[in-house]
Amino acid sequence: MPEHTVTSRLQLSGLCFLLQILTVILFAVFVRYSPESSAELCSQQLNCSQRKPDLGFQHPRFRDGNLRVLLGFGLLVAFLGRYGPGSVATSILTTAFAVQWAILIQGFLYFFLNGKIHVGAQSMVSADFCTAAILISAGAVLGRVNPVQMLLLTLLGVTLFSLNEYILLSLMGVSDSGGSLTVHTFGAYFGLMVSRILHQSCMDKRKEQQDVGPLSDVFAVVGTIYLWIFWPGFSSATTARDNTEPWAVLNTYFSLAASTLATFVLSPVLYEDSTPRMVQIQDAALASTAVMGMPGEMLVTPFGALVAGFLAGLISLLGFRFLTPVLRSRLKIQDTCGVHNVHGVPGILGALLGTLLAALATADAYSGRLELVFPLVGQGSRTATDQALCQLCALPITLLLAALGGCLGG
């Protein structure tokens with residue numbers, strides 16, 4: 001057995017042991033289960049806890065989030081013939097550590113009271129959001145980092161994600177319930193910057209094998225079905241209860257439908273195949289959920305979700321056809337899973353749409369539910385224009401933190 005293989009295995013084993021021991025100690029010292037009466041611990045700070053749902057109401061969302069993370073993203077990285085099985089295993093490893101580390105980091109920021117972190121369904125949903133961002137980042141460097149490096153990137157990525165989320169949601173009062181900025185945009189550009197640094201420092205100039213595996217369409221079929229079933233519910237996991245929640249669910253579903261139609265409109269024009277491949281439909285579906293992350297609970301009419309989803313589907317296909325070659329040849333960014341087209345650009349589009357909707361927010365448009373969607377505006381402490389400016393300023397902050405984090409991670 002080659003010596004470097006043995007060394008790599010021992011490094012992975014040792015790092016996993018050290019990280020697990022560290023988290024066990026920190027959990028033993030700080031983490032406790034929260035009673036039902038502590039549901040208000042982190043109100044006005046984290047989107048998932050601004051509202052006050054009971055814990056039982058959160059359990060289906062927690063289930064949807066886990067299925068989305070493990071099956072949706074897990075199958076998404078299984079399309080490469082060389083890296084498929086190993087990539088799925090690495091995704092599970094990343095998820096296992098990211099959830100634990102996110103509970104700790106987010107806990108100190110949002111759920112810390114009397115010297116303890118109080119965990120419940122709310123904190124687990126928040127950890128799933130964080131894990132999703134890290135798995136998006138992993139898609140940009142798939143096949144070029146080993147499990148040890150991925151664990152270290154997860155350690156850094158979770159910390160920076162939580163910092164970015166705290167600045168946006170708690171300090172600035174930004175409304176981003178579905179994570180257009182905090183999850184999709186941050187995850188995409190953090191991974192892309194790491195990819196750029198890896199290319200810059202890589203001494204091995206051989207061409208990377210990124211052949212598509214024979215079972216890619218099978219994995220894409222299963223992944224797409226799970227996205228359709230579970231993402232609308234997951235996108236509403238941090239929205240207000242009662243009448244506002246169906247907006248996020250239905251808007252996400254309408255967006256999924258429109259993005260799928262966009263795939264069938266544009267794919268035959270850009271590619272020789274008369275029928276789009278399943279992986280293209282999966283990418284368009286992901287793009288539609290990215291664009292709905294911020295405006296999902298803000299759109300008060302269904303046609304807006306249809307327009308946004310259709311644009312996201314078009315952007316995804318156009319990005320793979322025209323932007324990906326530019327990233328590879330001019331910017332030296334090897335985007336393995338195309339996260340720039342699937343999460344990055346649609347996430348920015350969702351942030352811009354959310355900014356526009358915030359500027360137009362009125363009590364009449366929301367039928368008295370303005371305080372649920374924009375608490376500061378509804379309470380009169382901030383105007384709709386001020387809210388829109390905060391939403392807009394959140395975009396460069398996210399991109400800056402993602403770029404700086406990618407430089408550190410690389």
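**Confidence and terms**

The protein averages a pLDDT of 81, and 78% of the residues score at least 70; pLDDT is the predictor's confidence in each residue, from 0 to 100. This is a predicted model, in which local features need pLDDT of at least 70 and side-chain atom pairs count only at pLDDT 80 or more, while totals for chains, interfaces and linings use all residues. Residues are numbered from 1 along each chain as its sequence is written, and side-chain values use heavy atoms, with hydrogens and water left out.

Q: Over residues 37–45, where does pLDDT stay, and how many contacts beyond four places in sequence does the model have there?
A: pLDDT stays under 50 over residues 37–45, and the model has 20 contacts for them beyond four places in sequence; a contact means heavy atoms within 4.5 Å. Residues 202–210 also have a pLDDT below 50, with 8 contacts beyond near neighbours in sequence. Where pLDDT is low, the predicted coordinates should not be read in detail.

Q: What makes up the secondary structure of the protein?
A: The count comes to 15 helices and 3 strands. Helices (H or I, at least four residues) and strands (E, at least two) are DSSP runs, numbered from the N terminus.

Q: In what order do the 3 strands form a sheet?
A: The order is 1-3-2, in an open sheet with mixed pairing. Strand 1 (31–33) and strand 2 (112–113) stand at the edges with a single partner strand each, so one side of each has no neighbour in the sheet.

Q: How do you know in which sense strand 1 and strand 3 pair, and over how many bridges?
A: Two strands pair if DSSP finds at least two bridges between them. Strand 1 and strand 3 (residues 116–119) have 3 bridges, in the parallel sense, and therefore count as paired under that rule. Val 31 has Ile 117 as its bridge partner in strand 3, and Arg 32 stands opposite His 118.

Q: In what sense do strand 2 and strand 3 pair, and over how many bridges?
A: Strand 2 and strand 3 pair in the antiparallel sense over 2 bridges. Leu 113 stands opposite Lys 116 in strand 3.

Q: What phi does Asn 114 take in the hairpin of strand 2 and strand 3?
A: The hairpin has 2 residues between the strands, and Asn 114 takes a positive phi near 55 degrees. Most residues other than glycine have a negative phi. Asn 114 is not a glycine.

Q: Why is Lys 332 not simply buried or exposed?
A: Its relative accessibility is 35%, so Lys 332 counts as partly exposed. Lys 332 is in the loop between helix 11 (302–329) and helix 12 (339–359), and its phi is positive, near 60 degrees.

Q: What makes Phe 374 count as buried?
A: Phe 374 has 1% relative accessibility, so it counts as buried. Phe 374 lies in the loop between helix 13 (370–373) and helix 14 (375–378). Beyond four places in sequence, Phe 374 touches Ser 175, Met 298, Ala 358, Ala 361, Tyr 366 and Gln 387.

Q: Why is Pro 232 called buried?
A: Its relative accessible area is 5%, so Pro 232 is buried. Pro 232 is found in helix 8 (residues 216–235), and among the residues it touches are Val 249, Thr 252 and Tyr 253.

Q: How do you know how many disulfides the structure holds?
A: A disulfide is a pair of cysteine sulfur atoms within 2.5 Å, and the structure holds 0. The sulfur of Cys 390 is 6.6 Å from the closest cysteine sulfur, in Cys 393, which is too far for a bond. Cys 390 counts as buried at 17% relative accessibility, and Cys 337 is buried at 11%.

Q: What do residues 91–113 and 247–271 look like as helix and strand?
A: Residues 91–113 are 87% helix and 9% strand, with end C-alpha atoms 32 Å apart. Residues 247–271 are 96% helix and 0% strand, with end C-alpha atoms 35 Å apart.

Note on methods. Buried means under 20% relative accessible area, exposed over 50%, partly exposed in between (1.4 Å probe, protein chains only).
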